[in-house]
Amino acid sequence: MGNAYANAGVNVEAGYEVVERIKKHVKRTERLGVMGALGGFGGCFELGSFSYLKEPVLVSGTDGVGTKLLLAIESGIHDTIGIDCVAMCVNDILAQGAEPLYFLDYLATGKNSPEKLEKVVAGVATGCVEANMALIGGETAEMPGMYTEDEYDLAGFAVGIAEKAQLITGKAIKAGDVLLGLPSSGIHSNGYSLVRKIFFEKHAFALSDTISGLSEPLSTELLKPTKIYVSSLLPIMKEQKIKGAAHITGGGFVENIPRMLPEETAARIQLGSWPTLPIFDCLEKYGEIPTNEMYEIFNMGIGMVLAVEATEADEIMEKIQKQGEAVYRIGEVVPLETEKVEFAEATR
């Protein structure tokens, strides 16, 4: 092969090596419906096994991981950021009641480093296994000039399926319904521009530092992967026990919970009804951020909020706990007065 492309900074052979390296990771994500092997021009998924659905609906979502990537690049920890990418996409479609089917990723870099990119895709595959979805394709692009040699970007696309009549739309939510919260693993993948500004610009901490209030180095805490809620919630969603679900991402409680609520209703959140994670206390302290503003930015320890019938709340909580997941009663749905999300102080 000629040298023209190599002289432009693109290593085609390294690209081939990346594909070979990731095949074993793709293999472990296979599930019923996958057609063909990695390497075609398009990934194929056969829907025949879902013939029992009367009106099947495909639900799709796409996302990246934002500036959390910069911490992965700086720390050299590349094997968990792919989990974040899957989680950000799959938790969104799960909130609609969709069973995840397959995932595609897009990985762009300034210079192909097969070993590093394998670690990234291995993380994507781990996330797919957690979500019981297949990694059926993707794209790795080497773009010198667009990125430096050490930089890369990562985005993903998830597709799930649901019975049309069983889609979770939030339309049945009413005042008196209970709000349940499932805990996050940490910051997840939102607010990292502010996180970086607070810890690394304002206070000049290093990723290797263990700061007051945390028991682990910042690199460990800040790169904890986003939790995937599929195994905890999908069985209960299929029982049509969940009226509404909100994935708490950028914009925190204030932006995301209203997305599942009917216009005439609001959410009243009982502060202190779930454990506070130390990382949020640190962000509030070191960033000098008002407490109410924290709930407008971060997940504050709750990654998914569910709206359920009050009479069924205890039963649903028990079922979630049997799946090995913690769950907290964090509030209720109330008639709308002024704000779509109200906060009530803990009473002791």
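Student: Which residue in β6 is the bridge partner of aspartate 63?
Tutor: The partner of aspartate 63 in β6 is glycine 156. Please bear in mind that this is a predicted model.

Student: How many bridges join β3 to β6, and do they run parallel or antiparallel?
Tutor: β3 and β6, the latter covering residues 152-163, are joined by nine bridges and run antiparallel.

Student: In what order do the strands of the sheet come?
Tutor: The order is β3-β6-β4-β5, in an open sheet of four strands with mixed pairing. β3 (56-64) and β5 (134-142) each have a single partner strand, so one side of each lacks a neighbour in the sheet. From one strand to the next, the twist averages 15°.

Student: What about β4 and β5: how many bridges, and parallel or antiparallel?
Tutor: Eight bridges join β4 to β5, and these two strands run parallel. Within this pairing, leucine 104 has glycine 137 of β5 as its bridge partner.

Student: Which strands does helix α5 lie across?
Tutor: Helix α5, residues 114-131, lies across β4 (99-109), β5 and β6. Its direction is at about 165° to β4.

Student: And what handedness does the β-α-β unit have?
Tutor: The unit made by β4, α5 and β5 is right-handed.

Student: Changing topic, where does UniProt place the PurM-like C-terminal domain?
Tutor: The unreviewed UniProt entry places that domain at residues 174-339. In the model, this span is 32% helix and 19% strand, and its end C-alpha atoms lie 16 Å apart.

Definitions and conventions
Residues numbered from 1 in each chain as written. Predicted model: local features only at pLDDT ≥ 70, side-chain atom pairs only at ≥ 80, totals over all residues. Heavy atoms only, no water. UniProt positions renumbered as here; feature names shortened; annotations may be inferred. Pairing = 2+ DSSP bridges. Axes fitted to C-alpha atoms, helices over the stretch in contact; angles between N-to-C directions. Contact = heavy atoms within 4.5 Å. Right-handed = clockwise from strand over helix to strand, strands pointing away.
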